[in-house]
Amino acid sequence: MSDKKSPFFVGYLPIPARLRPFLISAALSVVAVFAVAGVMIGGTQDDPGPGAFRFDYGRQTVTGVVSLVPYPLVHVTQGNDRIKPGHTLMLTGQGKSSVVARATPLERQLATVSGVILQRGALDMLQVAGGRNGLQAAEGTAPEQVPEPLGRWRLAGEICDGKCLAGAMRPGRGLAHKACANLCLIGGIPPVFVSSQPVEGSEFLLVTGPDGTALPKSAYDFVAQYISVEGAVERHGDLLVFQIDPDTMEVLP
């Protein structure tokens, strides 16, 4: 014979008083399980790093010599409190766009460049502001910029797009970022090789094709993977440029 006094839950009726403690404890247990699972899953992910847009620095304006290697750089001759003379900055446009078209007429000339800094440790990049004030010719004679050859190297590491790596996206590297990185590189964003071991004191190198040509399309298949590759390294100001031989690229375990 059934006990007619046993509580029974019906969705469209009020919850029986005797069932409320059980339902509350069950709900809290489910929330606790998902919270613990979230913390544990989050703890297994790589640290995205400190890279970020440095809006706290405010708009940065410097003067320097523009060069294309083939990606736009400015070798700072007149800096400010944060960006010192002698520093070499990679330049990028807003979004996934390059400033090559704007920089080409100013190649080997003095120019005033203004925008927002992206920074991850020793890696930084200047997102050039739109309009004439973002990039314009400056008066004066541009000092000659002579790269310093540092020999041929075989390095292990990862090819990333420099903008997302510097802080536009987080983590900005790894296979989860591969599609985004390739879109940035197609748009002309300077690519960066993150070396597993420092090269002349730097783990970040602007990466190009042979003899300073654009990164070959065949290299895009290797973006965001741990690879080894050979190439010549040059010093451009305080920035290292890695001119890779795409035929030597191989994925490492």
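**Rings, charges and a helix**

Mentor: The structure holds two aromatic pairs. Rings of Phe, Tyr and Trp (its six-membered ring) pair if their centres lie within 6.5 Å; planes under 30 degrees apart count as stacked, over 60 as edge-to-face and the rest as tilted. Here the rings of Phe53 and Phe55 have centres 5.2 Å apart and planes at 20°, so this pair is stacked. Please keep in mind that this is a predicted model, where local features need pLDDT of at least 70 and side-chain atom pairs count only at pLDDT 80 or more, while totals for chains, interfaces and linings use all residues. Residues are numbered from 1 along each chain as its sequence is written, and side-chain values use heavy atoms, with hydrogens and water left out.

Trainee: Is Phe55 buried or exposed?

Mentor: Buried means under 20% relative accessible area, exposed over 50%, and partly exposed in between (1.4 Å probe, protein chains only). Phe55 has a relative accessible area of 58%, so Phe55 is exposed. Phe53, at 24%, is partly exposed.

Trainee: How are the rings of Phe193 and Phe242 arranged?

Mentor: Their planes stand at 70° with the centres 5.4 Å apart, so that pair is edge-to-face. Phe193 belongs to strand β9 (residues 191-199) and Phe242 to strand β12 (residues 239-244), so the pair ties together parts that are 49 residues apart in sequence. Helices (H or I, at least four residues) and strands (E, at least two) are DSSP runs, numbered from the N terminus. Both Phe193 and Phe242 are buried.

Trainee: What sits over the ring of Tyr57?

Mentor: A charge sits over a ring if NZ of Lys or CZ of Arg is within 6 Å of the ring centre and within 35 degrees of the ring normal. Over Tyr57 you find the charged end of Arg82, 3.8 Å from the ring centre.

Trainee: How many salt bridges does the structure hold?

Mentor: Side chains of opposite charge can pair when their charged atoms come close. A salt bridge is a side-chain nitrogen of Lys or Arg within 4 Å of a carboxyl oxygen of Asp or Glu. The structure holds eight of them. One of these joins Glu148 to Arg235, with the closest N and O atoms 3.4 Å apart. Glu148 lies in strand β8 (residues 148-161) and Arg235 in strand β11 (residues 227-236), so they tie together parts that are 87 residues apart in sequence.

Trainee: Which side chains meet Arg154 in a salt bridge?

Mentor: Glu230 meets Arg154 at 3.0 Å, N to O. This pair links distant parts of the chain, with Glu230 in β11 and Arg154 in β8, 76 residues apart. Glu250 also forms a salt bridge with Arg154, at 3.1 Å, N to O. Because Glu250 lies in strand β13 (residues 250-251) and Arg154 in β8, the second pair ties together parts that are 96 residues apart in sequence. Through shared partners, salt bridges join Arg152, Arg154, Glu230, Asp245 and Glu250 into one network. Arg154 itself is partly exposed, with a relative accessible area of 38%.

Trainee: Which residues of helix α4 are buried?

Mentor: An α-helix has 3.6 residues a turn, so residues three or four places apart point the same way. In α4 (residues 178-186), the buried residues are Cys180, Ala181, Asn182, Cys184 and Leu185. These buried residues pack against β8, α3 (162-168) and β9, where contact means heavy atoms within 4.5 Å. Just after α4, Gly188 takes a positive phi of about 95°.
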